[in-house]
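This report covers one structure in short sections. The sequence and the model come first, and the text follows.

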Amino acid sequence: MPDLTPLWLTLRLAGVTTVLLLVVGTPLAWWLARTRSRFRVPVEALTALPLVLPPTVLGFYLLLLLNPTAPLGSFWMTMTGGTLTFSFSGLVVASVIYSLPFMVQPLATAFDTVGRAPLEAAASLGAGPLDAFFSVVVPQAARGFLTAIVLTFVHTIGEFGVVLMVGGNIPGETRVISIAIYEQVETLNYQDAHVLSLGLVVFALIALLITYGFGGRRHVG
Amino acid sequence: MSADLLRLDIRLTLDDFDLALAAELPLCGVTAVFGASGSGKSSLLRTIAGFERPDAGSICCGKDVWFDSTCFVPPHRRPVGFMFQEARLFTHLDVTGNLAYAEKRAPRTSAIRRTQVVEALGLGNLLKRRIAALSGGERQRVALGRTLLTGPRLLLLDEPLAALDRGRKENILPYLERLPGEFDIPALYVSHDIDEVAHLADRVMVLDQGRLQAFASTAEILERFDLAPYTGRFEAGVLVEGEISGHDDRLKVTHIDLHGARLAVPYTPHIDVGESVRMRIRARDVAVATEEPKGLSIRNLLPGIIERLEADPETGSAELLIDIGGQRLRARLTLASVEELTLTEGRSVYALIKSVGLEGSVGMH
């Protein structure tokens, strides 16, 4: 049986990242779905960038951005006393950035589908913008939220390149499951690599089945 | 009238269209906003509701300012109820959920109770239903109930019948007719159907290409020849008021007294004798005779005087306005008959009415 610390660390990372992205991604997706601003297209492109860039490119720039001599890295250093690079916090920052499109795109599509009509109806019934968002948009876009949450969570669990660049391989701090598998293969410990890999395959499959299962059950009307 | 006024002065530019109008509407009864599609009716309603923000002007309801150069009250703070063409019920809630949504957000001063609305609109056996399981007419009834529960000071109805077929329309029309009166809420009713307008409205705003063409009482609007391009030639006609004088149970007719003259209309025993009713008489259903005709199957015969006569040489027809003792009828004849009968303004004639549409009791609004 392999050491399970990487598993718990990975779940913690994916959980924290998903919660943070839900908070950051929801308003961003709302803005993208609603705005007529000329900045919409550039922002949309920027959001999608992590989808197409090699993880090493993203990891390289994040490393430059987060290291203690860079403004963000040194700010973090003075605030918390720790570094962002090669730490769990740094991994969270990196994960939020590379998983951003997996949260924002399904949400923006869902918000777009809900459209303006139910919002106007809600406003005519006396619901303010925030009230209308939570009482009408969230329930009507529930499937979009489920898709976004599952995809973000699963994608964060599976990321390897960025994590390796930014976090390295520190047990209990940055050694997530994908890194642990890599190391076990490197050291020819195929037995443990199998347990972890197969576990990931099954987990990802179940997550996707749940998502598509809900997505496929269309509600009439 | 001592009722509050809705004062509108609106200039609004949209992508392919602009609206510019000023009007003062009494906040009582039903005001129809009438015009072809693209005339700006819906934009006007959306602007009053706050869904569109005008470029300039002002919107005041009684003493409250909803819009002017310094303020814009957002839609959810305006005490208006908006009924959309497509109902826009919340599909993630059932019927009860939709009603409760409005009730929860209504001002505490609202005197309208859910039980009252459910009963008035016959929603009792729909309450547990999902929205997807409702027919078009049922959806509009629920939407109307939901709107009423917001306790609005003004109802804005944006062609609520347009998406329904004829049978469903006739199902919901009585509710629309009764409710503003029953709940004492003034309403603005958008429609492109002159029949609907004649049925429901106390006064009419005629809109064309974003401009106000006419604003007057329904009867007056229907009497005006110059509005024919908007009100339509085929449907042109007037509203006449009379009093039920009796029901003939054997022959199945109801008699109406029109200042001495008698009119027979289809049997409507549910309206009591002595009650005032409103009738719609189309110009194409009125024929004219210069002497009292005998041996005729048409039994509705009213003496009158030609008040106006307008010939239209292009179509070979003529429009007549006939004074029948204070009220007026419109008639459309061919130019040939006008010449043969030597009809002129001021001449006494008999108006023969082929059909009368009884629009219901007066004073419901």
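How much space lies in the second largest pocket?

## Second largest pocket

The second largest pocket holds about 700 Å³ of space. A pocket here is an open set of points on a 1 Å grid over the protein atoms alone, where a 1.4 Å probe fits, with protein on both sides within 12 Å along at least five of seven lines; lining residues have an atom within 4 Å of a point. Grid points are joined across faces, edges and corners, and the volume is the space filled by probe spheres set on the points.

The lining has 21 residues, and those nearest the centre are Arg34(A), Arg116(A), Leu119(A), Glu120(A) and Phe51(B). Helices H1 (5–34), H7 (117–124) and H8 (129–140) of chain A each give two or more residues to this lining. H8(A) provides the largest share, four residues. Helices are DSSP runs (H or I, at least four residues), numbered from the N terminus.

## Basis and confidence

This is a predicted model, in which local features need pLDDT of at least 70, side-chain atom pairs count only at pLDDT 80 or more, and totals for chains, interfaces and linings use all residues. Residues are numbered from 1 along each chain as its sequence is written, chains are lettered from A and ligands numbered from 1 in the order in which they are written, and side-chain values use heavy atoms, leaving out hydrogens and water.

The mean pLDDT (the predictor's confidence in each residue, from 0 to 100) of chain A is 89, with 96% of its residues at 70 or more. In residues 217–221 of chain A the pLDDT is below 50, and this stretch has six contacts beyond near neighbours in sequence; a contact means heavy atoms within 4.5 Å. Where pLDDT is low, the predicted coordinates should not be read in detail.

Thr147(A) touches Pro106(A) and Thr211(A), not counting residues up to four places away in sequence.

## Cysteines

The model has zero disulfides over all chains, a disulfide being a pair of cysteine sulfur atoms within 2.5 Å. For Cys61(B), the nearest cysteine sulfur is that of Cys60(B), 8.9 Å away; Cys61(B) is buried, with a relative accessible area of 0%.

Terms used
Buried means under 20% relative accessible area, exposed over 50%, partly exposed in between (1.4 Å probe, protein chains only).
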